[in-house]
Amino acid sequence: MEIRIKGLTRDYFSEGKRIRALDNVDLTIPANRIFTLLGPSGCGKTTLLRCIVGLETPDAGEIAIGDEIVWSTEKRIFVPPEKRGLGMVFQTYAIWPHMTVFENVAYPLKCRNMPMEEIRTRVARFLEFVQLDGFENRPATKLSGGQQQRVALARALVAEPKVILFDEPLSNLDAKLREETRKELRRFLAGLNITAVYVTHDRVEALALSDLIAIMRAGRIVEVGDPKQIYFRSGDRFVADFIGRANLIKGKVAALDGSHAVIETDIGVIVGLNPRGIEPGTEAMLCVRPEFIKMAETGVAGGRNLFRGKIETLLFIGEAYEGEIRIGDTLITTTISPTVDVVEGGDIFLSFDTDHCFLLPA
Amino acid sequence: MARKSALTPALIVIVGFLTISPVVMLVAGSFSEGFGAFHGFTTAKYVEAYTDPELSAILLDTSIFTLGSAAVATLLALFLAYVNTRTDIPFKFFFGVISIIPMMIPHILFSVSWVLLLNPSNGILNRYLMGLFGLKEALFNIYSLPGMILVEGLLDLPIAYLIIAPAMSAFDVSLEESSRACGASALRTLTRVTLPVLRPAILASVILVIVKSLASFAVPSVIGTPGRIYVLATHIYRIIATGFSPDYGKAAAVGMSALVASILLVYLYRHLTSESDRYVTISSRGFKPALIDLKGAKYPLLGVIGLLSFVLIVLPVLVLLYTSMLPYIMVPDAKAFSLMSWKNWGEVLRDPISLLALKNSLMLGLFGATLGVILSIFVSYAIVKVRTAASGILESLSFLSFSFPGIVIGVGFMWFFVRTPLYATIWALLIGYIAAYLPYGIRPLSSAFVQIHSHLEESSRVCGAGPFTTLRRIVIPLLIPGIVSGWILMASMFLRELTLSVVLSRPGTEVLAVQILRFAEDGLWGRLSALGIIMIFISSALVVAASLLGKALTKW
């Protein structure tokens, strides 16, 4: 089901000060996709999610889930959370400690007054789906973190909601389990015809899981796009920097060359993609990610996107060197193959991948 | 959400009525002519009350009694806490027992057992010692200020221990070690480092025991009154309960000073405990102090603690049980045992007033505690979970009655109830009990609420349960441990309630403690003891039943 949000505003009061958690947010979450709200802590992503669920009431705006308006300040509509027919997985999983696994998962069905026979078969089906069959009578407190997370997922799915919401569900798992669960979650959700709204501050999680990502900052949505768009063609320097490691170099567009543009920067002339069609003569920013900067053998003088620099720092991190290279006054971050013979203080030639540098508005 | 915002104001009205109305009525009453003439404004009662030539002696005795009790309780608590946390004494579970069990024995029965042992005319221990040493006069007279102080101090020991023991175990021993390393002697370290660091806890304990003993009625009435020693509580009681015409106006006027003193002390206590955070250094290293090896002192010390627990827990019950079988108080010997019978028990169980008191107290304990816990659930929920600006007001209101001396608040309620059809009904007692003991229910319940993460409720809402179903299916089951301890506390308080009841109880609404006080006043020790044992038995049975029920409910 599609979720449409219009003009949503929510203020907080903290120590007498007014803090705007959501600032006139307009957003459409398309049906049956995994949609992620990504942003640094305090950006309003959790508040937005809680407004959709109905656990928080906005100060202004409208929220519609499918054809039903569940919140409207203007029309004075408030549908309480239990009437919205959603599923949600909480950051703390919120598994009820006084119930067994079965009772936890059966709860939403009992609330819908489903006959006991049907509850049994449904719960069994969803426990099997999250690979927890046989755990029915286990007290919920006797489960590992990963298992609790799957109980929470089964409970959120069991009533077959049209929308499921996740509030940083992996942040309480340790790193290794988090990676595994991420994969699993993607597989679970891909097998269902369901709209999923997922909140996280972890960019890798967002990239790995999502069909679409909305990046939030200070109560506003800055950019919406699919993971590759956001990673490779972002139109916002905050987003470009937040979604992955990035070198952002300021300059002025000198000329256009088909889908590419030539930009004059402090370190020299760089050719990169110009997906936003920035006009010549305007200030712009060039973004190049470390993995698209290659070490060149020797300087072919005057070569395209080829720069000479000095290795300022060099960190060996196992799979690569992480280097900071000084070109003029600019520091460029890059990854260098760990087998190459390089030293701190040495000279190095760098080549920027023309098809993976991109321009964005300054 | 709209329902939530209506909850806190509604509770403020209820709790406000329970805690504020007796105070308002007390103030109004103190400025009026009397029950019959509740209009006009006069300071006559104040003039009468505070020009009473006896008052200065009463105030002096009150000060000695409260300060003395605070000293006894706090010193004992310091000793016990030190031995428990800092030495290698065996049987450490004893200390937990000593700090909790005396709360289970009603104060009036504890006081009576000491009267039975140490009264100057026929106290069992006095008689025994007179026989042993061939003395003409009794060695001890419990009907004295030291006697009152000893008994009250022992009764308030649990309160002092519960404040001092945590501070003692959180104490960073390296503070002492560095003092010793600087060349200070053990004694110097104790007086210059240990005690000053513990000062906030010690002061808090002293203040709280003063508040408790200022409100205490059992000890002053059972032990003080026969020795003609009056403190504020018994003075107020004398004004309303003896003589030709009870003077509730004068009682209110006298009560005002006890009330003001108590409120100031509790305010001071709050202030101290909020400051103590930065005073008591809690070791961040999770470091266990090296325990002092007691060596040869171990068993003598254990003996002292054993004796203390015997005196606090076993002796009162034993003395009462023994006395309940005898026609009059006597030293345990062959003659005494030959005279033993169930006669007192039979008389009590045939006595219509005792039976009525039993029925009333049971009803108040069971029904009153249930009502009190239900109110506490809503109040704690509003305080901990709803957290609007009004929650703070509700929180202050609900702990306010903690600083009201029972007898004073009883007088205030009397001024209120006499104008309502509730006067002289059991409902008057019920309302008074809940008002006075609300903090006992709210404390365990608010800590239970703190432990319930808001996500547990929110996920229930998202799962399709309304606010009411969420309360019933999620919140209440998780609250059951808190509910059970709140209920146990309230029920045992209600079952033994004396101070409010002596004011509010009327013919037809007698309760157990008041009936026991009547027996004490008439010197009917045998019947008193029988009824007392019944009271202890019911109280313990309720505790056991409630704990079992709680266990069964949490499993389900």
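## A helix pair, a core and a chain contact

In this predicted model, helix H11 (residues 232-241) of chain B packs against helix H18 (residues 406-417) of chain B at an angle of about 30 degrees, and their axes lie 9 Å apart. H11(B) is therefore roughly parallel to H18(B), since angles under 35 degrees count as roughly parallel. H11(B) brings B:Ala233, B:Ile236, B:Tyr237 and B:Ile240 to the contact, while H18(B) brings B:Ile407, B:Val408 and B:Val411. By class, the residues of this contact are seven nonpolar, no polar and no charged.

Two of these names come up again in the core. The largest nonpolar core has 264 residues, and B:Ile164, B:Ile236 and B:Val411 are those with the most contacts inside it. Helix H19 (residues 426-451) of chain B supplies the largest share of this core, 16 residues. Chain A takes part too: at least three residues come from each of its domain 1 (3-238) and domain 2 (245-291 + 306-361).

What does B:Ile164 touch, leaving aside residues up to four places away in sequence? Its partners are B:Ala77, B:Leu78, B:Ala81, B:Ala201, B:Ile202 and B:Ser205.

Now to where the chains meet. The contact takes 18 residues from chain A and 17 residues from chain B. On the side of chain A that touches chain B, helix H2 (residues 101-111) of chain A gives the largest share, three residues. Here is how that side of chain A divides by class:

| Class on the chain A side | Residues |
|---|---|
| Nonpolar | 12 residues |
| Polar | three residues |

Note on methods:
Residues numbered from 1 in each chain as written. Chains lettered and ligands numbered in written order. Predicted model: local features only at pLDDT ≥ 70, side-chain atom pairs only at ≥ 80, totals over all residues. Core = buried A, V, L, I, M, F, W, Y, C linked by C-beta atoms within 7 Å. Buried ≥ 20, exposed ≤ 12 C-beta atoms within 10 Å, placed from the backbone. Helix = DSSP H or I, 4+ residues; strand = E, 2+ residues; numbered from the N terminus. Domains from an automatic or database assignment. Contact = placed C-beta atoms within 7 Å. Axes fitted to C-alpha atoms, helices over the stretch in contact; angles between N-to-C directions. Parallel < 35°, antiparallel > 145°, perpendicular 65-115°, else oblique. Nonpolar A, V, L, I, M, F, W, Y, C, P; charged D, E, K, R; others polar.
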